Amino acid sequence: MITVKATPPDTSSPDTPQGLRALIRSSEIGIVVLASVVGVLAGIVVVAMSLATQFLHELIFGIASGQRLSIASGIPPWRAIAGPVAGGLVVGFASWFFFRRRSQPVDPIEANALHGGRMSMRDSIIVALQTIGSSGSGASVGLEAGYTQAASGLASHIGRRLRLRRADMRLIVGCAAGGAIGAAFDAPLTGAFYAFELILGSYSIAVFVPVMAATFMATVTHDLLSPALLSVEVPAIGSITISDLPLVVLLGSACGLVGIVVMRAAAFVEAAFRRSRIPTYLRPAFGGLVVGALAIWIPSVFSAGHGAINLYLGMDASLGLLALVLVAKALASSVSIGSGFRGGLFFASLLLGVLTGRLFIGLLTPFFPNLVGHETLFALVGMSSLAVSIVGGPMTMALLALEMTGNLKLTLAVMGAAGAASLVTRRLFGYSFATWRFHLRGESIRGAYDVGWIRDLTAGSMMRLEVPKIEADAPIAEARLKYPPGSINYLVAVGQNDAYAGMIPPGALYEPDPALDEQAAAEPAPRTVRHLLRNGDKMLLANMSVRDTLKLFDEAESEALPVVADCESRRLVGILSEAHAIKRYSEEVSRRNRELTGE
């Protein structure tokens, strides 16, 4: 007798041990533990990127250790200009070198909307380094986009190693992004709702605990490593009364308009650079030249503006100065983003909102003397409202105000203003900054709702490979002999090289047609199936999404359609019935709903 010895599993394989993978896939506790680990990593990412950026500020601009670049005085003009220009050259050449032959990197919103949470670790590291270089050299961009990119890319890499399911991958990417935002602002609730509203696109009980675990651990990690690195100091807030609410809502509407202008300006600058003859790798340097020139007179345009936001929250400034800084910061941010610097507008929108709120109350105080002493209140309302317009996430920004101040009445006021800003932006513009940039690239993404599975569920993935077919010039008698009554539900006619010619209703082979009978009597050649062809111009492509597939079925009014390799060759590769496509679509919708509700 021959004895076969079982081979033990190869523990040296790069694949994850089955026990750990099974624990995470089958246990809520396992996914919470993983989310906590991801939160710790996100906190470390935020600290590392922030320290690196501060180091570059001190090195390039010669400021004192720990000093904020956006409120630094005495920076020599040559440094103010040379820093952003040199940084622009580095960022521009890096983008050209790494992404000249490949698509642009996928951010967390796009990853969760289209790719089931899959992100490239390599691309995420490159983007994070470019963001450090951009903000570190003074470009008017924030680090938050880099925080979320690096943390989410790391989480996605871990998820792929663990072979997580699509829903778990999306969740862990949301945990990482929320953890990064929570750590950046010392605000775990803000980070959690950033994940719910902007990265996951929905809220459910099933994802609440993992997301909160991630943001809490990220915040704790950041506080242990560098407690005051990104702190925002909020002065005393005046009392809030019911009479203030109409003005608060009006300020929210005004912030919505300002947000639209900023987003349009960034898109305009980007389009202008594309139309110019300036090479792509040199555009950030030209943008840096504009930022540096502005910073000679207004240092607040530099970088994200952490120091400036603390300054203008409590500073007694004239309306002229506030308006000048608002316009300069908006211009610098638009030029920085439009010219190709890496980064986002999250923190820049907060500073722009503070300036808008201060300017708003300054203009109204002569007409409403009772507003004196409410400058900080309206600055915070403006901060959150403008961020809602540009970034999105009304609850995220309301909770940011709550965690920054601990004032519940302020939070209620912010929610009213944020709602107004969101409504104005949606009605007049329709996008946040992230989704607007997707729109400019041709992606119809309105948020992080998981629509990628719709693209993955294609005609090619649903089709049958065995296709009842016959030559288009075959005699009807031959077709009757090959396919007796009741043997098939559909029949495809093909030409040379299996090129699709049309569909043949099987019943039509046996239906009497007086016109054809008269023609057959007058012609010596036998009748062919070509006379019976239907929908010769209606065919599915293998990469066509299920929604486009069902739409074509409605147009063709056919129970089945062929799947072809491409429109030119029309080579038949499969067949798909409408009933099967509807069944698969319904099954996927039901499964996604179960994943969202945790059932």
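Mentor: We shall take the sheet and then the surface. This is a predicted model, in which local features need pLDDT of at least 70 and side-chain atom pairs count only at pLDDT 80 or more, while totals for chains, interfaces and linings use all residues. Residues are numbered from 1 along each chain as its sequence is written, and side-chain values use heavy atoms, with hydrogens and water left out.

Trainee: In what order do the three strands form the open sheet?

Mentor: Strands (E, at least two residues) and helices (H or I, at least four) are DSSP runs, numbered from the N terminus. Two strands pair if DSSP finds at least two bridges between them. Here the order is β1-β2-β3, with mixed pairing. β1 (469-471) and β3 (500-504) are the edge strands, each pairing on one side only.

Trainee: How many bridges join β1 to β2?

Mentor: Three bridges join them, and the two strands run parallel. Ile470 has Ala493 in β2 as its bridge partner.

Trainee: Where is Leu465, and is this residue buried or exposed?

Mentor: Buried means under 20% relative accessible area, exposed over 50%, and partly exposed in between (1.4 Å probe, protein chains only). Leu465 lies in the loop between α20 (459-462) and β1. Its relative accessible area is 60%, so Leu465 is exposed. The C-alpha atoms of Leu465 and Ile575 are 6.6 Å apart in space, although the residues are 110 apart in sequence.
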